[in-house]
Amino acid sequence: MLQLITILNQCHRFPGFVYRQARFSSDHKSIEIAVRPRKGAKAICARCHQPAPGYDQLAERRFEFIPFWGFLVFLLYSMRRVDCRGCQAVVVEEVPWADGKRTLTKAYMLFLARWARRLSWKETAEAFRTSWDKVFDAVEHVVTWGLEHRVLGQIDAIGVDEIQYAKGHKYLTLVYQIDLDVTRLLWVGKERTIESFQGFFTVIGEEIASKIVFVCSDMWEPYLKVIREKCSEALHILDRFHIVAKMNKALDDVRAGEARRMAQEGLAPVLKKSRWLLLKREENLKTEQRFRLRDLLRYNLRTVRAYLLKEAFQQLWDYDSPAWAGKFLDEWCRQVMRSRIEPMKKIARSLRQHRELILNYFRAQKLLSSGVVEGLNNKAKVTMRKSYGFRTFRALELALYHSLGKLPEPESTHEFF
Ligand SMILES: [Zn+2]
């Protein structure tokens, strides 16, 4: 125990304080380490951060520290109060290992927060014999510090996307930086409204917003409106990934509708189990699935026609020139409008309406692969799924910043693993 004190005084020291004495708690489950002010060291006023004359001392408090050797560890300290001239008040002192309100030490919060990035919050709490709420506190502390200290710098490209959380169509708006050298989550907003997305621009300020060169988004009207307003100079690109996703959704609606109708009319269920055959790219199918797909394509079905239209559309992405891509797009839309397949026609109408934004993808010389946004969004979904405990917006927001924000971390006097 004496050696423990020596080690701590060497490796995790705080100016103005010393570790004095370590002992087992009466139930032998934890180690308690007494901390004392160094002789002659003045207490610091928590309000103005200046040294101030002492006033009195409060009862001893326990601060949870990083566990050693399977024992919980607490620092015991009696906070001093100072009679601060500057503040003209009696104020509790500031201590370097904790932030006053919380019972976890800063070192322990950083330690827990790092584990909470690899494990779920629940698993982290179990592994270190603490509670989910304390893991929450730890992540909140680290994320809050990170957001206050992050450098936004110049942002060339952003991608905005929505993600569904909880049941009953609750959405978040996520804004990513998708520069070639930096990809990170910049902002999380509640809902996917004009107001929520505007919140992002309030946070970054007009100067940074005015220098954004590329904006990537889906066809969600409120986002389009805010982008027109706030980034009028930027090249706005409709995300390839979202267009493909919409197309797949339309195809799936056609298939489901037709399968239902065929079942009602007592026809052979040729569309049964065809969903993934139709949605996957043909090159990703196994040989046996490929044969089944060929077989299916011989039928004269609306689903088959919709499938062929969807497949033909993929050719769009091979073009380099915006002009040729535009011609192809127009021709494709013309064909679809004659198809009498309503879900596909709806897509074609929407593509026509957003023609210029789609062609911006080619004008940007495909520099921005929408794969980046898709990748980040998948990570966000994994983060969300990883913990069953994110029942509130606040917890989910913290978890997303924590895992995708690439935020700076508070410095620790010693690097604990
Ligand atoms: Zn003061």
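The place of Arg-129 is the loop that links α3 (121-127) to α4 (132-149); helices (H or I, at least four residues) and strands (E, at least two) are DSSP runs, numbered from the N terminus. This is a predicted model, where local features need pLDDT of at least 70, side-chain atom pairs count only at pLDDT 80 or more, and totals for chains, interfaces and linings use all residues. Residues are numbered from 1 along each chain as its sequence is written, and side-chain values use heavy atoms, with hydrogens and water left out.

Let's start with two loop residues. Gln-88 sits in the loop between β6 (71-84) and β7 (89-92). Buried means under 20% relative accessible area, exposed over 50%, and partly exposed in between (1.4 Å probe, protein chains only).

| Residue | Phi | Relative accessibility |
|---|---|---|
| Gln-88 | near 50° | 72%, exposed |
| Arg-129 | near 50° | 71%, exposed |

Now for the metal. The zinc ion has the protein donors Cys-45 (SG), Cys-48 (SG), Cys-84 (SG) and Cys-87 (SG), at 2.2 to 2.3 Å. Donors are N, O and S atoms within 2.8 Å of the metal (3.2 Å for Na, K and Ca); water is not among the atoms, so sites may look incomplete. Because the four donor atoms subtend angles of 105 to 114° around the zinc ion, the arrangement is tetrahedral (four donors, all angles between 85 and 135 degrees). Along the chain, the zinc donors follow the spacing C-x2-C-x35-C-x2-C. Cys-84 counts as buried because its relative accessibility is 5%.

Methods
Tetrahedral: all angles 85-135°; square planar, octahedral: opposite > 155°, others 65-115°.
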